[in-house]
Number of protein chains: 2
Amino acid sequence: MKIALAQLNYHIGNFKSNMELILKEVNSAKTAGADLIIFAELAICGYPPKDFLEFESFISDCENAIYEIAEACHGIAAIIGAPSKSKLKRGKRLHNSAYFLANGVVQSVHHKTLLPTYDVFDENRYFESAKEHDLIEYKGKTIAITICEDLWNIEGDMKYSTSPTELLDLKRADFMVNIAASPFSYQQQKERQKVLSWNAKKYQLPIFYVNHIGAQTELIFDGGSCVVNKLGELCAELAYFESETVVFDIENLPSAHQLQEKLKIEKMYHALVLGVRDYFVKSNFSKAIIGLSGGIDSALTLAIAVEALGKENVKSVLLPSKYSSDHSINDSIELCKNLDSPYETISIEEVVKSFNLSLSNSFQGLKEDVTEENIQARARGVILMAMSNKFGNILLNTSNKSEMAVGYGTLYGDMCGGLSVIGDVYKTEVFEMCRFINRNKEIIPESIITKPPSAELRPDQKDSDSLPDYKVLDAILFQYIECSKSGNKIINQGFEEDTVKRSIQLVNRNEYKRYQAAPILRVSPRAFGMGRLMPLVGEYTFNN
Amino acid sequence: MKIALAQLNYHIGNFKSNMELILKEVNSAKTAGADLIIFAELAICGYPPKDFLEFESFISDCENAIYEIAEACHGIAAIIGAPSKSKLKRGKRLHNSAYFLANGVVQSVHHKTLLPTYDVFDENRYFESAKEHDLIEYKGKTIAITICEDLWNIEGDMKYSTSPTELLDLKRADFMVNIAASPFSYQQQKERQKVLSWNAKKYQLPIFYVNHIGAQTELIFDGGSCVVNKLGELCAELAYFESETVVFDIENLPSAHQLQEKLKIEKMYHALVLGVRDYFVKSNFSKAIIGLSGGIDSALTLAIAVEALGKENVKSVLLPSKYSSDHSINDSIELCKNLDSPYETISIEEVVKSFNLSLSNSFQGLKEDVTEENIQARARGVILMAMSNKFGNILLNTSNKSEMAVGYGTLYGDMCGGLSVIGDVYKTEVFEMCRFINRNKEIIPESIITKPPSAELRPDQKDSDSLPDYKVLDAILFQYIECSKSGNKIINQGFEEDTVKRSIQLVNRNEYKRYQAAPILRVSPRAFGMGRLMPLVGEYTFNN
């Protein structure tokens, strides 16, 4: 039996484009002699469809699409993910399902049992768990279908009280299919292989695994669809960060090989490029605008945007004030020249003066403080948004994860933007990623990488005046954010007590800023945004 | 047996203040001769604790608090909500539990079975369902404990495949307890009574129901704890929007009466006042600032803020431009005088000129458009945020739900603010609420209520230039947002096709703005924010 794995870039709710992709692959696979083609979880509608699922017409659109694909399935069968209406008298009204299509009709529908509801997932919000678990018989083979999380209840991490693999009659099965929507983080590839290998070995079955590729706002899907043999060994991987369809012969699987992982920072870089590109493509925009400060964060954001959108589609704006150093301006210009990308300079001097004058009565007799710094950042925000409004491009936000964490940024100022490109990249990773981009030739000027980070909002300001060294800060933040360790636990790891307390307090105190931040491209296992839900008015007792 | 219902205002994660409240009530109830005192769901830590639950130290703090309360329970027993660690080998590591405390120790722990995961709820993210269902024996009575949603699986709306009321041996029970965290919406009171009445009648048991009172950012709890007799009749209600503890004698319940509901708009008003007050109290702020435009939205916001925080704690800022009419300025001043609340005027003229001059090169030869309007709104935002930064007060956002829906507002401009006060109040409800506030004397000047709504960002601008009449618009929005009806369904209700399509497209197109909006006090059954999760890059096929 020949099986095609179709790893495609869907767009949530865009049935027209999703159907075009799917029908094209059905026909190509048939031509290539495949008996079965497998598409990803909720491929029909894209993942995650969120509250679109509450609209009856959305569910009808999904059903109609399924019937249309079924009609194309003559001489080939297909397994494809879509929501289906529950026939149970009680419970949520939908299932997250895999449809088995053959001979022009829907042969059977198989529901997901384990519904992830943690981190960025909220499937229990929409779906009812499978109550029945049936195998598929097709061309003399017995197929066990599972849907993504269905395989993730493995030894040592049993998040669910039951597993569909324990409920399916797997002794009768010839192979297993897993259709997935498994978003990228830099550690996901290894986790995924561990899970697939564990299941293949335990049940002595080869597994055909199909994932999404492409980004849906924050969530980036890296593909990496694969075949694992019944010994749990990896036989074949599809492309990462690219669409691809490959046909395999189940009687003659490729020989096993080790998982070849790229460097963490390289994977993150490719994910961000895809994330930016798809955000624009799927929102029908082509042009971006970026405020270049001369610092490393905006430089990295620009380099990623140019790679994603093309150098001519990204406009940089330099917005110097009286505190901007000459080298910041020169470095920015050099960067734009290296990238051959257009830039423009607009001074914020006069606007800032005008604000200070307008406020002089109200602020009479009061000392300058962070207020005046924020006015500069916000004046830049207003100018960038005016450019965005006038020319119909999207402002890209340039804040990194360390700043986002400790609130080292101005709400409605440098926190402006339609999409946060590096908001899930710690400052220390920002440096690494710039080195990666410069690996063959200098794109980001060396002086941008080596100079001490500064917001340049007052004379001789340095980030280190108000924040711990980034190496220390990022290590503490990782323990607090990614690992949910309390202050005391982190101090016990050997970090200085004052530094830990101050860092964590800054994170907690700035929850209100992050609430209004742009959506962040997620590349870590724990990003700000929908994957980390903290109370705003809460009292953070685990400060210490 | 005498039973005290303690309806208290908790603060998420603030064990110190929660424990003070709880211990005080345990002692008072004991003095009043109560045998049992009942506190709300997750009373120990406040509701919803969100990802605080992922911190081990947070769970230890909850456990320690429970032990301390248990020690105070001599001569009185208590039922109180708190998270508990699961003893199951598989599944999520926590339960949402009710602790039964007596004779100085924890006697038993009872877990929630039905975990709401829809709208603003995400309990499946954290908790495992109860697998066992035991009754409590105390002083000769048999008590059935349920936790909030546990009673909500009623005829005609079976959201769950099982119910704890079917698993508990209710024939043996003398009465039922339901500890809840049931947030306010204007229709919740009636729903709640229906649910309690249905269960009481079906199982022939009186129910003692205890809810939270107080706001936790978006969610406002209105209290309304009550006793329902075994005929399903309401015997007693505790206060709405106020803390209260009342002792009942189970052998001598008050006689039944009809639920006396206040007007929808009055309930919403009281909820918003409580929402503003608690947001400030629980974030340790006391002072607010508001930009007064002369329009009805900022007028209503000011009136609510003054009621919540005191007239001396709310500062209004008038920010006229060349397009501001004299009557807008005069109306604003009259409003502040009626409320006896301070105001200040800062013209944005010079700042706007300065922006236009700075951008003149970049915008050479281009026509004026919405860009220039947004600059005005953003200049106001910068000035208000500067005042907020300098004086340490919180800027209150003044956008209403209709504007928020169709994106009739400027991101980083009039969308600025730490809290959206009326973002869940449709424009037509804004008018109603102003009439309610003026019911005894004119507080909001009549001319503010009667003049045609305008953003005053260009000469003679009116909302009606770009939006449908608010009565029609709000009716369409309600069908789309609250009822999840598609365009076609709404058109079939008799609305004009063009108006429906245009309204819905505006809602969809502006998802990106709402993503970055301030948290919104929730008063309707479907508010923007955590209760409505829509994809940003999604293709909205149910436009029509």
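In chain B, B:Pro48 is found in the loop between strand E2 (36-38) and helix H2. The peptide bond that joins B:Tyr47 to B:Pro48 is cis, with omega at about -5 degrees. The model described here is a predicted one. Chain A has a cis bond from A:Tyr47 to A:Pro48, with omega near 0 degrees, and A:Pro48 lies in the loop between strand E2 (36-38) and helix H2 (56-72) of that chain. Most peptide bonds are trans, and most residues other than glycine have a negative phi.

**Relation of the two chains**

- Chain B is superposed on chain A by a rotation of 180 degrees with 0.0 Å of shift along the axis, and the RMSD is 0.0 Å.
- This is the relation of a two-fold axis.
- The C-alpha of chain B nearest the axis belongs to B:Gln516 and lies 2.1 Å from it.
- Both copies use the same surface, since 100% of the contact residues of chain B recur in chain A.

**Contact between the chains**

- Chain B contributes 83 residues to the contact, and chain A contributes 83 residues.
- On the side of chain B that touches chain A, at least two residues come from each of helices H2 (56-72), H5 (264-282), H8 (349-358), H9 (370-391) and H17 (511-515).
- H9(B) gives the largest share of that side, 14 residues.
- By residue class, the side of chain B that touches chain A comprises 39 nonpolar, 26 polar and 18 charged residues.

**Helix H4 of chain A**

- Helix H4(A) covers residues 188-203; at 1.5 Å a residue its 16 residues should span 22 Å, and the 23 Å between its end C-alpha atoms agrees with this.
- Its buried residues are A:Gln189, A:Arg192, A:Gln193, A:Val195, A:Leu196, A:Asn199, A:Ala200 and A:Tyr203.
- Seen down the helix axis, these buried residues fall within an arc of 165 degrees, so they line one face of H4(A).
- The elements that cover the buried residues of H4(A) include helix H3 (164-167) and strands E9 (207-210), E12 (226-228) and E13 (234-237) of chain A.
- Just after H4(A), A:Gln204 takes a positive phi of about 55 degrees.

- A:Pro183 has its place in the loop between strand E8 (175-179) and H4 of chain A.
- A:Pro183 is buried because 24 other C-beta atoms lie within 10 Å, where the cut-off is 20 or more.
- Leaving out residues up to four places away in sequence, A:Pro183 touches A:Val120, A:Leu219, A:Ile220, A:Phe221 and A:Arg522.
- A:Pro183 and A:Pro525 are 342 residues apart along the chain, and their C-alpha atoms are separated by 9.7 Å.

- Strand E4(B), residues 94-102, is mostly covered, with eight of its nine residues buried.
- E4(B) pairs with strand E3 (residues 77-85) of chain B in the antiparallel sense over eight bridges, and B:Ala98 in E4(B) stands opposite B:Gly81.
- E4(B) is also joined by six bridges to strand E5 (residues 105-111) of chain B, and these two strands run antiparallel.
- In E5(B), B:His111 stands opposite B:Ser97.
- The hairpin of E4(B) and E5(B) has two residues between the strands, and B:Asn103 in this hairpin takes a positive phi near 55 degrees.

- Strand E15 (residues 288-292) of chain B runs parallel to E18(B), and two bridges join them; B:Leu395 is the bridge partner of B:Ile289.
- E18(B) pairs with strand E19 (residues 419-420) of chain B in the parallel sense over two bridges, with B:Leu419 as the bridge partner of B:Leu396.

**Positive phi in loops of chain B**

- B:Cys148 is not a glycine, yet its phi is positive, about 35 degrees.
- B:Cys148 has its place in the loop between strand E7 (141-147) and helix H3 (164-167) of chain B, and it counts as buried because it has 27 C-beta neighbours inside 10 Å.
- B:Gln204, not a glycine either, has a positive phi of about 55 degrees.
- The loop that holds B:Gln204 runs between helix H4 (188-203) and strand E9 (207-210) of chain B, and B:Gln204 counts as exposed because it has 12 C-beta neighbours inside 10 Å.

Key:
Residues are numbered from 1 along each chain as its sequence is written. Chains are lettered from A and ligands numbered from 1 in the order in which they are written. This is a predicted model: local features need pLDDT of at least 70, side-chain atom pairs count only at pLDDT 80 or more; totals for chains, interfaces and linings use all residues. Two strands pair if DSSP finds at least two bridges between them. Helices (H or I, at least four residues) and strands (E, at least two) are DSSP runs, numbered from the N terminus. Two residues are in contact if their C-beta atoms, placed from the backbone, lie within 7 Å. Ala, Val, Leu, Ile, Met, Phe, Trp, Tyr, Cys and Pro count as nonpolar, Asp, Glu, Lys and Arg as charged, and the others, Gly among them, as polar. The expected span of a helix is 1.5 Å times one less than its number of residues. The arc is that of the directions from the helix axis to the C-beta atoms. Copies are superposed by least squares on the C-alpha atoms of residues with pLDDT of at least 70 in both.
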